[in-house]
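The points are arranged by region and may be read beside the coordinates.

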Amino acid sequence: MSDRRCIFCGRLIELETDALFRLPPDHPRVKDAIYADFQKARGLFDIRSELPGVCEKRSPECAKIEWENGKPVLITKTGRSTDTLICPTCHSELFRDTDSASVHSAVFFGAKDSGKTSLILALAERCITGQFSSDERYRYIFNEKLYNAGDMTAEAEKASAGEKPRDLRRPAAVYRVLRANEGGKAFCDVLHDVSFIDTVDEESVLTALPFAASAEHFVYCIPADTLRDALGADNESADIKIRKDMFMMMSAFRFSEKPPELDIAVTKSDLADSGGPTEEQVYTAFPSIRELSMFFSGTKVYPVSAVKRDSGGDPVGQLYAGLFG
Ligand SMILES: [Zn+2]
């Protein structure tokens, strides 16, 4: 298979017709406005936008494209070669071993301070250090081209201690490899944090969240104390906020072939009373979730916490299995 899914913008690229390459590093650097604009949309202003030029089969620098082990390599007229593929839409790098079938992504939504980033860090940290004992079929390999594993673990430790971690402006990607078949297919699980988007209206959703249209899961984070307060309140002000978020999420997959699953992550569940939270409690507290969940392909509720506990099973592992199976 020669399709690749860009993990940054979600575009599916047919390599036979649309392969785009970054020229080798010794080529003159030019300003890549497409790359710079896409990074700015994610709030990354300090990136290097002077990069070796891009090249494809119709470019004057291209002599030919060869295929090696199912992967295209561009040979330039000066005899140099490059196998660095980039996405034609956002000019981000296309990573190896991420064909269309193997990329699975989840986008984490929720109000400010609802625990999105902490939850992604808890999931990533488990892949880096602990692996998931609940599912021994796979080996998990963290993609260190996007984030240093040590930095992620340090941020996860902060989150676990209840401190606020830094926003994740790039996706976190984990390769999941079948243990029984070391040379076999790898899956790429991608976790998107949208904390860096402060205010979002329907118009900006499609430009700010292009990756959301191809995501299989939308994880909506609700802190346990917000749920508890809403259950105890006799007005609907909490539901109005959630309703707005639900419509924002729905506009993010407006043009998708298949709607994502809605996963309600009740975060900071170490604050919750024992026995909760349940799906029924979520629906009771927030009628909009019940009403609008019909537009998603399914709804599940996960009580989770970035704070490590000695008892109470493996909620973070259960969420990972629920998202990526
Ligand atoms: Zn892209």
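Two residues are taken to be in contact if their C-beta atoms, placed from the backbone, lie within 7 Å.

1. Confidence is highest in strand S3 (residues 20–22), at a mean of 97, and lowest in helix H5 (residues 202–208), at 74. Where pLDDT is low, the predicted coordinates should not be read in detail.

2. Overall content. Ten helices and 17 strands make up the secondary structure of the chain. Of its 325 residues, 38% are buried. Among contacts with a separation of 6 or more, 76% are between residues 24 or more positions apart.

3. Helix H2. Which residues of helix H2 (residues 33–41) are buried? They are Tyr35, Phe38 and Gln39. Viewed down the axis of H2, these buried residues fall within an arc of 100 degrees, and they therefore line one face of the helix. Ala33 and Lys40, on the other side of H2, are exposed. Strand S5 (50–52) is included in what covers the buried residues of H2. Just after the helix, Gly43 adopts a positive phi of about 80 degrees.

4. Ser59. The loop between strand S6 (54–55) and S7 holds Ser59. This residue counts as partly exposed because it has 15 C-beta neighbours inside 10 Å; the partly exposed class lies between the limits of 12 or fewer for exposed and 20 or more for buried. Ser59 and Leu20 are separated by 39 residues in sequence, while their C-alpha atoms are 9.9 Å apart in space.

5. The sheet S7-S8-S9. Three strands, in the order S7-S8-S9, form an open sheet with antiparallel pairing. S7 and strand S9 (81–82) stand at the edges with a single partner strand each, so one side of each is left without a neighbour in the sheet. Six bridges join S7 and S8 in the antiparallel sense, and Glu66 stands opposite Val73 in S8.

6. Two non-glycine residues with positive phi. Asn69 is not a glycine, yet its phi is positive, at about 50 degrees. Its place is in the loop between strand S7 (62–68) and strand S8 (71–76). His91, also not a glycine, has a positive phi of about 60 degrees and is placed in the loop between strand S10 (85–86) and strand S11 (103–110). Is each of these residues buried or exposed? Asn69 counts as exposed because it has 5 C-beta neighbours inside 10 Å, whereas His91 counts as buried because it has 23.

7. The nonpolar core. The largest nonpolar core contains 82 residues, and those with the most contacts inside it are Val107, Phe108, Leu123, Ala124 and Ala265. Helix H3 (residues 116–130) supplies the largest share of this core, eight residues. Domain 1 (3–86) and domain 2 (103–324) both give residues to the core, so it lies between them. In soluble globular proteins, nonpolar side chains tend to be buried together. Leaving aside residues up to four places away in sequence, Phe108 touches Lys116, Leu119, Ile120, Leu191, His192, Asp193, Val194, Val219 and Cys221.

8. Tyr175 in S13 is the bridge partner of Ile141.

9. In helix H10 (residues 315–324), the buried residues are Val316, Leu319, Tyr320, Leu323 and Phe324. Seen down the axis of H10, they fall within an arc of 105 degrees, so these residues line one face of the helix. Gly325 follows H10 and has a positive phi, near 60 degrees.

Note on methods
Residues are numbered from 1 along each chain as its sequence is written. This is a predicted model: local features need pLDDT of at least 70, side-chain atom pairs count only at pLDDT 80 or more; totals for chains, interfaces and linings use all residues. Helices (H or I, at least four residues) and strands (E, at least two) are DSSP runs, numbered from the N terminus. The arc is that of the directions from the helix axis to the C-beta atoms. Two strands pair if DSSP finds at least two bridges between them. A nonpolar core is a set of buried Ala, Val, Leu, Ile, Met, Phe, Trp, Tyr and Cys residues joined through C-beta atoms within 7 Å. Domain bounds come from an automatic or database domain assignment. pLDDT is the predictor's confidence in each residue, from 0 to 100.
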